[in-house]
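Dear colleague,

Please find the structure below, handed over for your reference.

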Amino acid sequence: AITTQGSSENVRLLQDKELEMASINGDAAYMAWTGTGNFSQGDLDGMSQMFSTFSNQAIFVTREGFGIEKIEDLVGKKVAVGAAGSGAADLAYAVLYYGYNMWDDKIDIQYMSYTDEVEALKDGTIDAMVAHLNSGAPASYFAELDVTCDDLVLLEVSDEAMSNIQKAQPFQKSVELTKDSCTLNNIGDQSITAMENYAVVYARNDIPEAVVYAFVRTLMENAEEVDSYHTQGASIRTEYAMRGLLAEIPVHPGAAKYYQEVNVWNPSFHTPE
């Protein structure tokens with residue numbers, strides 16, 4: 001197991017054959033496949049999808065007294081978007097650039113680690129930060145901030161911005177976060193509209209079909225064991241396996257073979273040619 005900076009770096013590591021398998025968020029995968037954003041055409045060549053895991057919800061967070069009530073108020077502000085090349089940065093780009101036509105020309109974008117951006121928001125050296133939840137549960141760095149700060153302001157994505165995002169990245173979804181659908185302390189009785197996509201595990205095409213088949217089958221047939229190790233374990237189930245996959249991108253033949261055997265294969269998908 002290798003800890004990386006996230007989805008964008010994982011694409012490169014797969015291309016460089018430093019990884020055999022890796023998790024890539026839907027936004028990074030789509031941009032790598034289409035050669036848009038920070039990617040070039042062909043960056044996802046030689047890779048195939050295996051299965052979905054958890055969903056990602058992206059929200060922007062500031063604090064009371066910072067004079068920010070909506071995402072449009074971030075113009076001219078210092079906004080941390082995670083490390084360069086991270087999944088958080090991709091999520092932030094999708095919301096700000098596609099949704100609001102704002103990026104480093106209008107916002108003072110700050111690239112920093114998750115830990116550093118939390119501390120920077122606490123001491124006021126940044127005005128806001130992107131944060132993400134995984135299937136409704138705040139990522140570890142965000143959970144710590146949510147517990148220690150009771151004056152967080154959560155900024156939602158407007159309907160117009162969500163429509164703009166989906167025109168550029170049709171796989172992005174809109175989700176309502178409430179105290180019943182997520183575990184944020186600071187959400188109170190609010191209903192916050194957020195952008196959502198799925199993390200998908202990829203494999204290089206040169207990994208033998210038999211290996212991928214055995215890996216996917218073993219994981220899916222014993223998926224409940226993962227629940228005891230991680231709160232997102234319940235996201236991994238055979239019936240959910242293809243939920244977040246992108247129809248444009250091939251599914252590894254080993255994974256496809258298993259899905260066909262258990263009757264969850266979606267015929268609108270395809271394997272590498």
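With which side chain does the side chain of Ser-48 make a polar contact? The partner is the side chain of Asn-205, at 2.4 Å (a polar contact is a pair of N or O atoms within 3.5 Å, where within protein one must be able to donate a hydrogen and the other to accept it, and residues adjacent in sequence count only if both atoms are side-chain atoms). This is a predicted model, in which local features need pLDDT of at least 70 and side-chain atom pairs count only at pLDDT 80 or more, while totals for chains, interfaces and linings use all residues. Residues are numbered from 1 along each chain as its sequence is written, and side-chain values use heavy atoms, with hydrogens and water left out.

Ser-48 lies in strand 2 (residues 47–63) (strands are DSSP runs of E, at least two residues, and helices runs of H or I, at least four, numbered from the N terminus). Ser-48 counts as buried because its relative accessibility is 0% (buried means under 20% relative accessible area, exposed over 50%, partly exposed in between, with a 1.4 Å probe and protein chains only).

The structure also holds 9 aromatic pairs (rings of Phe, Tyr and Trp, the last by its six-membered ring, with centres within 6.5 Å; planes under 30 degrees apart are stacked, over 60 edge-to-face and the rest tilted). The rings of Tyr-30 and Phe-171 are tilted, with centres 5.0 Å apart and planes at 50°. Tyr-30 belongs to helix 2 and Phe-171 to the loop between helix 6 (159–168) and strand 8 (173–177), 141 residues apart. Both Tyr-30 and Phe-171 are buried.

Yours sincerely
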